[in-house]
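Subject: Structure handover and notes

Hello,

Please find the structure below, followed by notes on what was found in it.

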Amino acid sequence: MEKKLSVVVSVYNEEQALPMFYETTKLILEILPWDYELLFVNDGSRDDSLSILREYAARDEKVKVVSFSRNFGHEAAMIAGIDYADGDGIVCMDADLQHPPECLPEIVRKFEEGCGVISMVRTKNKSAGLIKNITSAGFYWVINTLSEVKFEPNASDFFAVSREAAEVLRKNYREKVRFLRGYVQSIGFQKTTITYEAHDRVAGESKYSIRKLLAFSMNTIMCFSNLPLKLGIYAGAFAGLLGVAVMIYTLFTRQGAPSGYATIVILNCFMFAILFLIVGIIGEYIAILFSELKDRPIYIVEETQNVEKKSV
Ligand code: UDP
Ligand code: MG
């Protein structure tokens, strides 16, 4: 039987980029040795994206649309795409043509060689500014220092997984606070990387603000590491030793009672700072536990085209 490639595309307010994306990608999909489906996940767009997608689906049966009831975020969209895709290989990509569809033939070749996880590594990110590049490098340094799994620094949300690998993601990685890209790299299987050059977005603007990225980085570190929780032990030990040192110093220099006011104030502020920091970190982990416990859905589907709605 002919094999099938599922191309999962997350769409959030992409009315300007969609026509170009559809035309370009379709041309490439048509010449692939595999059959294909083009699965768009509309992540609660507030512009005309959904009606454009409905129109594509009406005239092209290979276009499938899964539309959320509201905005659930890019990761939720990719997860839904993986849930609904039924190809032998699944590729996740953005709708703004920053992930070149020209890579698809090579992805299919890698699948044919038996690869399970294909990470697309960008060589250049023209559109990302200096700040974004520096924070991204810092983030990967922290996460790679803290976590057992090693992450590819330039890996993007552009990746491909085989049917077997997708099944693992569908069944076992349903966390509410998560880092999909990281999971993809941590599940094993025969891995390979393909490098590509990231282009500028064809139209529209980036939907990721620095604030969103920061929140995302914090969550990710906490998903993969318990080390921040141990900070309390180290800080406590440090504060204890400092106390002993000050005590010995005071004993030997026989300081009188009135002096040392500044020392006390400084130490107090310092200790409280550490204390609150640690309470805050514990709070963050509890928040993660809380959202897991509530077990709310990762996404809610409102309507679908050319694919049957799943009850989740
Ligand atoms: N996206 C999404 N939901 C969101 C934000 C973004 O589905 O809440 C989609 C967006 O339409 C695009 C992809 O995720 O296809 C990547 O977003 P964007 O291009 O804004 O991010 P950047 O490339 O700047 O990192
Ligand atoms: Mg983009």
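Asp94 lies in strand β4; helices (H or I, at least four residues) and strands (E, at least two) are DSSP runs, numbered from the N terminus. With a relative accessible area of 14%, Asp94 is buried, where buried means under 20% relative accessible area, exposed over 50%, and partly exposed in between (1.4 Å probe, protein chains only). Leaving aside residues up to four places away in sequence, Asp94 touches Val9, Ser10, Phe21, His74 and His99; contact means heavy atoms within 4.5 Å.

On conventions: this is a predicted model, in which local features need pLDDT of at least 70 and side-chain atom pairs count only at pLDDT 80 or more, while totals for chains, interfaces and linings use all residues. Residues are numbered from 1 along each chain as its sequence is written, chains are lettered from A and ligands numbered from 1 in the order in which they are written, and side-chain values use heavy atoms, with hydrogens and water left out.

Metal site

Asp96 (OD) and Gln98 (OE1) coordinate the magnesium ion (ligand 2) at 1.9 to 2.0 Å. Donors are N, O and S atoms within 2.8 Å of the metal (3.2 Å for Na, K and Ca), and water is not among the atoms, so sites may look incomplete. Asp96 and Gln98 are both buried. Leu97 has a positive phi of about 65 degrees although it is not a glycine. Leu97 belongs to the loop between β4 and α4 (104–112), and its relative accessibility of 8% makes it buried.

Salt bridges

How many salt bridges does a search of the whole structure find? The search gives 12, a salt bridge being a side-chain nitrogen of Lys or Arg within 4 Å of a carboxyl oxygen of Asp or Glu.

One of them joins the side chains of Lys4 and Asp86, at 3.0 Å from N to O. This pair links distant parts of the chain, 82 residues apart: Lys4 is in strand β1 (residues 4–11), and Asp86 is in the loop between α3 (74–84) and β4 (89–94). Lys4 counts as buried at 18% relative accessibility, whereas Asp86 is partly exposed at 39%. Lys4 and Asp86 also belong to a network of salt bridges with Glu37 and Lys64.

Two further bridges are within helices. In the bridge between Glu30 and Lys26, the closest N and O atoms are 3.4 Å apart. Both residues lie in helix α1 (residues 18–30), four residues apart, about one turn of the helix. Glu30 is partly exposed, with a relative accessible area of 48%, while Lys26 is buried at 19%. Glu167 and Lys171 form a salt bridge with closest N and O atoms 3.0 Å apart. They are separated by about one helical turn because they are four residues apart in helix α6 (residues 163–172). Here Glu167 is partly exposed at 33% relative accessibility, and Lys171 is exposed at 58%.

Thr304 is in strand β8 (residues 301–305). A polar atom of its side chain lies 2.7 Å from the backbone oxygen of Val307. A polar contact is a pair of N or O atoms within 3.5 Å; within protein, one must be able to donate a hydrogen and the other to accept it, and residues adjacent in sequence count only if both atoms are side-chain atoms. Not counting residues up to four places away in sequence, Thr304 touches Val65, Val66, Tyr84 and Lys309. Asn306 lies in the segment after β8. The phi of Asn306 is near 60 degrees, a positive value in a residue other than glycine, and Asn306 is partly exposed at 40% relative accessibility.

Nonpolar surface

Val244, Met247, Ile248, Leu251 and Phe252 make a nonpolar surface patch of about 540 Å². Patches are made of residues with over 30% relative accessible area and no salt bridge: like charges are joined within 9 Å, nonpolar side chains (Val, Leu, Ile, Met, Phe, Trp, Tyr) within 5 Å. Accessible areas come from the Shrake-Rupley method with a 1.4 Å probe, and for residues only the protein chains shown count as cover. Phe252 is in helix α9 (residues 227–253) and is exposed, with a relative accessible area of 69%.

Ile131, in helix α5 (residues 130–146), is also exposed, at 61% relative accessibility. Ile131 and Ile210 are 79 residues apart in sequence, with their C-alpha atoms 9.2 Å apart in space.

Regards
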